[in-house]
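Please look over the structure shown here together with its sequence before reading on. The briefing that follows takes the chain as a whole and then turns to its parts, topic by topic.

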Amino acid sequence: MSCRIAICPGSFDPVTFGHLDIISRAAKMFDRLIIVVAANSAKHCSFTPEERVEMIKKCTADLSNVEIVHYDGLLADYAADRGATAIVKGLRAMSDFEYEFQMALTNKKLNPNVETLFLTTASQNMYLSSSMVKQIASMGGDISSFVPEVIRQDIIDRIYIKK
């Protein structure tokens, strides 16, 4: 019997309850779920890839079939190397869909053996983004309803701009 492996890529800078909702739901659908902390040259990250991997590990410690890695290459190549047959992406709004649809078609062209699955976010997370969390934290706002307690202070320590 083959093992169903999926990849869930993102920048996760930082990981939020929205990300964790998608991760936990995807973990139930596959035998193994590999969270890929990816580099995105279009984004200025506040945390190093290693720090983001560690934050996600803290937040997913209860998910035994989840592995967290950092990877800088083509996702389609990584999926082939790891034997993954699916890429899982979370969608918040139609604006996410256009970019993610383009990426899904590109990954399919590069690796015909991988399918992209879109999971819609839970309604309470539709507005939530890492950028929003960082903006709130930078101004000393309460981010407790956006990120797990286990990483909250790490985010505040890095982001909060003392006046």
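## Overview

Of the 163 residues of the chain, 44% count as buried. The model is a predicted one, and the chain in it contains six helices and five strands, which follow one another along the sequence in the pattern β-α-β-α-β-α-β-α-β-α-α.

**Overall dimensions and surface**

- A compact globule of 163 residues would have a radius of gyration near 15 Å, and the chain, with 16 Å, agrees with this.
- Along its principal axes, the C-alpha trace of the chain spans about 55 × 35 × 30 Å.
- The chain exposes about 9100 Å², and carbon and sulfur atoms supply 55% of that area.
- Among the contacts in the chain with a separation of 6 or more, 75% are accounted for by residues 24 or more positions apart.

**Nonpolar cores**

- The largest nonpolar core has 32 residues, and of these L33, I35 and I155 touch the most other members.
- At least two residues of this core are supplied by each of β1 (5-10), α1 (17-29), β2 (32-38), α2, β3 (66-71), β4 (86-91), α5 and α6, and it is α1 that gives the most, with five residues.
- Apart from this core lies another, of eleven residues, among them I34, V69, A79 and A84.
- When neighbours within four places in sequence are left aside, I35 is in contact with C8, F12, I23, I56, V66, E67, I68 and V69.

**Helix α6 and its buried side**

- In helix α6, which comprises residues 149-159, the residues I151, R152, I155 and I159 are buried.
- These residues cover an arc of only 125° around the axis, which puts them on the same side of α6.

- In helix α3, which comprises residues 75-82, the buried residues are L75, A76, Y78 and A79.
- Because they cover an arc of only 160° around the axis, these residues lie on the same side of α3.
- The exposed residues A80 and D81 are carried by the face of α3 that is turned away from its buried side.
- The packing partners of the buried residues of α3 are β1, β2, β3, β4 and α4.
- Just after α3 comes G83, which takes a positive phi of about 75°.

**Aromatic pairs**

- The structure holds four aromatic pairs, and in one of them, formed by F97 and F101, the ring centres are 5.3 Å apart and the planes are at 25°, so the pair is stacked.
- F97 and F101 are four residues apart in helix α4 (residues 94-110), and are therefore separated by about one helical turn.
- F97 is partly exposed, with a relative accessible area of 29%, and F101 also counts as partly exposed, at 39% relative accessibility.
- The rings of Y127 and F146 have their centres 6.2 Å apart and their planes at 80°, so this pair is edge-to-face.
- The pair of Y127 and F146 links distant parts of the chain, with Y127 in the loop between β5 (115-120) and α5, and F146, 19 residues apart from it, in the loop between α5 and α6.
- F146 counts as buried, at 11% relative accessibility.
- Ring pairs also link F97, F101 and F118 into a cluster.

**Two buried loop residues**

- V114 is found in the loop between α4 and β5, where it is buried, with a relative accessible area of 1%.
- Leaving aside neighbours within four places in sequence, the residues in contact with V114 are A79, A84, T85, A86, I87, N107 and K108.
- D31 is 83 residues from V114 along the chain, and the C-alpha atoms of the two are separated by 16 Å.
- T60 lies in the loop between α2 and β3 and is likewise buried, with a relative accessible area of 4%.
- Not counting residues up to four places away in sequence, T60 touches L20, I23, V66 and I68.

Notes:
Residues numbered from 1 in each chain as written. Predicted model: local features only at pLDDT ≥ 70, side-chain atom pairs only at ≥ 80, totals over all residues. Heavy atoms only, no water. Buried < 20%, exposed > 50% of the residue type's maximum accessible area, 1.4 Å probe, protein only. Arc of directions from axis to C-beta. Core = buried A, V, L, I, M, F, W, Y, C linked by side-chain atoms within 4.5 Å. Contact = heavy atoms within 4.5 Å. Rg over C-alpha atoms; globule rule 2.2 N^0.38 Å. Areas by Shrake-Rupley, 256 points an atom, 1.4 Å probe, with all protein chains shown as cover. Phe/Tyr/Trp six-rings, centres within 6.5 Å; stacked < 30°, edge-to-face > 60°.
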